[in-house]
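Here are my notes on this model, as numbered points. Please read them with the structure open.

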Amino acid sequence: MPGSSCGGTRMSLPVLDDAQRAAGLKRMKMLATGLLVVLAVIFVFSFALQDRYPWLQYVRAAAEGGMVGALADWFAVTALFKHPMGVKIPHTAIIPRKKDQIGASLGQFVESNFLSEEVIVQKLGSMGLAQKAGAWLERPESAARVAAEGSAAIRGILRVLDDDAVKTVLESMFRKHVVDPPWGPPVGRVAERVFEEGHHHQLVNLVVDSISDWVAANPSVISELVAQRSPTWVPSFVDDLVGDRVQVEVGRFLQAVQQDPNHELRRALDNYLKGLARDLQDDPAVMAKADNIKEQVLDDPRVQQLVTQTWATIKNALTTAVDDPDSELTRNFKAAVQDFGHRLATDPDLAAKVNTWIADAAGYLVKTYSSDIAGVITETVEHWDARETSEKIELQVGKDLQFIRINGTVVGSLAGLVIFTIAHAVFG
């Protein structure tokens, strides 16, 4: 049955608009007023004919009591929203007169009973939001929707951002974090750790192997160098002999360096590199040289232009990616959303952490801003017109209040009948 609750399922109430409420309120007012008119007509006829028909005395008493109850309850209900019959009787038109107090009381009530940190944390902790969100996110259509909304947000941000301002920020950040800080100490610390752990040995091996291969592949170069630097009076065959000898010795030396990990050249190179790493951290002259090299490199216009072009490259890449639903970025984002949703739905520890974070965040917000949130109710009611406020409240609850008039009419009739019957039985 629609609207019923079964097995713990929450009953859903119909949602009415203002026009429907106004129509319902009008019908109930007509019904309550019509009932009063009917009783008045019955009272007139019964009062006029009660001497001829004594039993009409009971009808008259019932009608009389019903009219009294109807009028009393009409006055009570009307006094909530306006002055009855326009007469400014004390303690009437309560809602228009007490509008601001009602708004303040309503705000305090909401703050005390609904915007409580304990209530919010307990409610969110029992809802399992992380699991529900995970089950929703792991569905492909949900991930596609999140990606679409994210793409729209990125496009909006890119349209709002000023390119020149972003470039200025990037340049200032690059100068602050890259150009201005001294390079010597941090580079020296990294290099010292690399050299101490021997990570540079592979690079040394590569350099030595490359030189050895080059020397073996270019024997004539050494001979030519010897011939160019020897006196002109030395015979050419002597230059050839010397060149061959140098070629052989250089080859042997490089081979020894390759085969011996403790070769004196390697040790000398290690000592030099370690000393350089220490000097970069402690020697002002070496640190100044490192900063000079940094300035020469980074002051190059091409480097600065590369920094300023970074934003344009990022912007173009993002724009292209978000405009294409089949782009790699979009596909990866959807996959990441689904994976995160699956983890939330299947990993109890992760879900518990997320639920705790949500509850703590909501509790903090409520604890910090509950007065501001409740103040919205108070300020909104204060800005309402008194007549408008009365009409709004009457529109919401007035239909039910008309039942008070109807009930008062019925109860008054029964009371009048009972009182008259008892009095007639006692006094005749």
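At what angle do helix H4 and H17 pack, and how far apart are their axes?

1. **H4 against H17.** This is a predicted model. Helix H4 covers residues 99-113. H4 and H17 pack at an angle of about 160°, and their axes are 8 Å apart. The two helices are therefore roughly antiparallel to each other, as angles over 145 degrees count as such. The crossing of H4 with H17 is right-handed.

2. **Who meets whom in that pair.** From H4 come Lys-99, Asp-100, Gly-103, Ala-104, Leu-106, Gly-107, Val-110 and Glu-111. They meet Ser-370, Ser-371, Ala-374, Ile-377, Thr-378, Val-381 and Glu-382 of H17. Sorted by class, this contact holds 6 nonpolar, 5 polar and 4 charged residues.

3. **H5 against H17.** Helix H5 spans residues 117-127, and helix H17 spans residues 348-383. Their axes come within 9 Å and cross at roughly 160°. That makes H5 roughly antiparallel to H17. This crossing, too, is right-handed.

4. **The H5 contact residues.** H5 contributes Glu-117, Ile-120, Val-121 and Leu-124. H17 contributes Ile-358, Ala-359, Ala-362, Gly-363, Val-366 and Lys-367. By class, the contact of H5 with H17 has 7 nonpolar, 1 polar and 2 charged residues.

5. **The largest nonpolar core.** Which residues form the largest nonpolar core? There are 8: Val-110, Leu-115, Ile-120, Leu-124, Ala-359, Ala-362, Val-366 and Ala-374. H5 and H17 are the elements that give two or more residues to this core. H17 gives the most, with 4 residues. A second, separate core has 5 residues, among them Leu-36, Leu-39, Ala-63 and Ala-70. As background, nonpolar side chains tend to be buried together in soluble globular proteins.

6. **Leu-80.** Leu-80 lies in helix H2, residues 56-81. Setting aside neighbours within four places in sequence, Leu-80 is in contact with Ala-93, Ile-94, Ile-95, Pro-96 and Leu-401. Leu-80 and Glu-394 are 314 residues apart in sequence, yet their C-alpha atoms are 8.9 Å apart in space.

7. **Pro-96.** Pro-96 sits in helix H3, residues 94-97. Which residues does Pro-96 touch, not counting those up to four places away in sequence? They are Leu-80, Phe-81, Ala-386 and Ser-390. Pro-96 and His-83 are 13 residues apart in sequence and 9.9 Å apart in space, C-alpha to C-alpha.

8. **The protein overall.** The model has 18 helices and 0 strands. Of the 428 residues in the protein, 27% are buried. How much of the contact set joins residues at least 24 apart? Among contacts between residues at least 6 apart in sequence, the share is 71%.

How values were computed. Residues are numbered from 1 along each chain as its sequence is written. This is a predicted model: local features need pLDDT of at least 70, side-chain atom pairs count only at pLDDT 80 or more; totals for chains, interfaces and linings use all residues. Side-chain values use heavy atoms; hydrogens and water are left out. Axes are lines fitted to C-alpha atoms, for helices over the stretch in contact, and angles run from 0 to 180 degrees between N-to-C directions. Angles under 35 degrees count as roughly parallel, over 145 as roughly antiparallel, 65 to 115 as roughly perpendicular and the rest as oblique. A crossing is left-handed if the near helix is turned anticlockwise from the far one by less than a right angle, and right-handed if clockwise. Contact means heavy atoms within 4.5 Å. Ala, Val, Leu, Ile, Met, Phe, Trp, Tyr, Cys and Pro count as nonpolar, Asp, Glu, Lys and Arg as charged, and the others, Gly among them, as polar. A nonpolar core is a set of buried Ala, Val, Leu, Ile, Met, Phe, Trp, Tyr and Cys residues joined through side-chain atoms within 4.5 Å. Buried means under 20% relative accessible area, exposed over 50%, partly exposed in between (1.4 Å probe, protein chains only).
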